[in-house]
Amino acid sequence: MQALPNLFDLPIAEPAAKLAYEAIQQGKNVFGVVHRQVLSNLKSTFYPRLGKVDSLDDETLEYVRNRQTDLLERDWQDAQEGVYPVSLLFDQPWDEFFRLYPQVWLDAPQIWQRVDQKKVQEFAPEIDVEGYPRYYIQNFHHQTDGYLSETSAEIYDLQVELLFGGTADAMRRRILAPLKRGLAAFSSIPANQIRILDVPCGAGRTLKQLRGTFPDASLYGVDLSPTYLQKANRLISQDRGVLPQLLQANAESLPYVDNYFHGISSVFLFHELPAPARQNVIDECFRVLRPGGTFVICDSIQLDDSPELKMAINNFPVMMHEPYYRHYSTDNLVKRLQDAGFVDVETDVHFMSKYLFAHKPV
Ligand SMILES: C[S@@+](CC[C@H](N)C(=O)[O-])C[C@H]1O[C@@H](n2cnc3c(N)ncnc32)[C@H](O)[C@@H]1O
């Protein structure tokens with residue numbers, strides 16, 4: 001029987017698909033703005049003394065909007081150039097959105113109460129916090145139970161999407177082109193023997209994108225959170241292909257032998273680590289990467305690459321509970337990578353994220 005053509009391969013589909021992509025992204029952005037505004041108004045009504053952070057002026061808002069438009073254009077271009085399939089751009093978990101959105105609202109009153117009481121390390125009694133690094137036992141982003149409950153794992157991706165107006169995946173995808181270029185160094189190795197590690201894999205969004213981009217590669221993910229690993233497992237089990245291998249581990253002490261991986265990705269981790277842990281993770285990634293391998297990082301923008309957004313960078317740890325962010329915002333990650341032994345370190349910025357690409361010398 002003849003296989004059905006992929007809808008995205010039809011020539012007429014390209015302009016229609018681009019329009020659809022832009023419309024979906026615009027819809028998500030408007031929804032995110034309205035959601036954050038209503039949330040903020042309700043918080044001020046119930047907890048007036050919590051106050052509001054200063055909003056950005058019109059010029060800065062325009063600047064942010066332009067950066068967002070550039071990000072989405074780049075995302076579309078990379079898909080057109082075949083870095084990853086166009087279908088990845090439409091990988092929206094709508095069913096999850098409708099199922100989980102009410103949960104975000106149900107969680108809000110508990111969050112406001114904890115913020116009001118300045119509680120930032122509060123966990124349900126049934127959650128065992130023993131054995132984790134002390135810096136990790138935090139209600140990051142004021143999340144109920146930090147990274148350690150099933151509910152937190154369920155709604156994390158949706159909360160990130162609402163925070164970034166639906167651009168979180170587009171920001172994550174900016175690591176894929178440089179990783180693909182880096183892995184070309186191993187073109188003589190069969191695709192199914194290429195090993196890529198995602199540190200930390202969280203609830204699995206980056207692994208899903210890695211699977212779409214490198215369908216035959218062996219994928220690996222580590223994270224400290226057992227519930228996020230379970231969620232990642234459910235998400236990536238929906239995809240065809242060999243399942244990624246997931247392990248619960250501290251990224252400061254990776255459970256792999258030296259020189260094992262051809263590529264390593266790290267998305268949204270470093271701003272949540274104290275400085276010594278940041279260096280330890282980089283050192284570990286260097287150790288487990290093969291000579292000639294590529295390490296790609298996506299994390300928050302920093303003050304030196306985005307001085308126009310100084311106010312947003314300073315507001316972020318005030319709005320969200322991010323105890324290590326202020327130090328992160330001026331930390332020299334290029335030097336940390338070079339100190340570990342990485343060479344040819346490059347940086348880039350897209351919308352609210354900074355990127356670092358580094359290589360282990362051959
Ligand atoms: C902001 S989330 C990012 C998750 C994912 N990379 C993403 O793109 O959504 C931070 C993740 O880092 C994990 N994490 C924090 N410190 C860690 C450490 N030392 N070792 C391993 N995972 C860690 C948390 O459990 C959480 O899943």
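This is a predicted model: local features need pLDDT of at least 70, side-chain atom pairs count only at pLDDT 80 or more; totals for chains, interfaces and linings use all residues.
Two elements can be picked out here.

Now turn to a pair of helices. H3 spans residues 94-116, and H4 spans residues 150-163. They pack with their axes 9 Å apart. The angle between them is about 105 degrees. Angles of 65 to 115 degrees count as roughly perpendicular, so H3 and H4 are roughly perpendicular to each other. On the H3 side, the contact is made by Glu 96, Phe 97, Leu 100, Tyr 101, Gln 103, Val 104 and Asp 107. H4 brings Thr 151, Glu 154, Ile 155, Leu 158 and Gln 159. Six residues of this contact are nonpolar, three are polar and three are charged.

Next comes the loop between H3 and H4, where Gln 138 lies. Is Gln 138 buried or exposed? Gln 138 has 20 other C-beta atoms within 10 Å. A residue with 20 or more counts as buried, so Gln 138 is buried. Leaving aside residues up to four places away in sequence, Gln 138 touches Val 120, Gln 121, Gly 146, His 321 and Pro 323. Take Gln 121 from that list. Gln 138 and Gln 121 are 17 residues apart in sequence. In space, they are 4.6 Å apart, C-alpha to C-alpha.

Terms used
Residues are numbered from 1 along each chain as its sequence is written. Axes are lines fitted to C-alpha atoms, for helices over the stretch in contact, and angles run from 0 to 180 degrees between N-to-C directions. Helices (H or I, at least four residues) and strands (E, at least two) are DSSP runs, numbered from the N terminus. Angles under 35 degrees count as roughly parallel, over 145 as roughly antiparallel, 65 to 115 as roughly perpendicular and the rest as oblique. Two residues are in contact if their C-beta atoms, placed from the backbone, lie within 7 Å. Ala, Val, Leu, Ile, Met, Phe, Trp, Tyr, Cys and Pro count as nonpolar, Asp, Glu, Lys and Arg as charged, and the others, Gly among them, as polar. A residue is buried if 20 or more other C-beta atoms lie within 10 Å of its own, exposed if 12 or fewer, and partly exposed in between; C-beta atoms are placed from the backbone.
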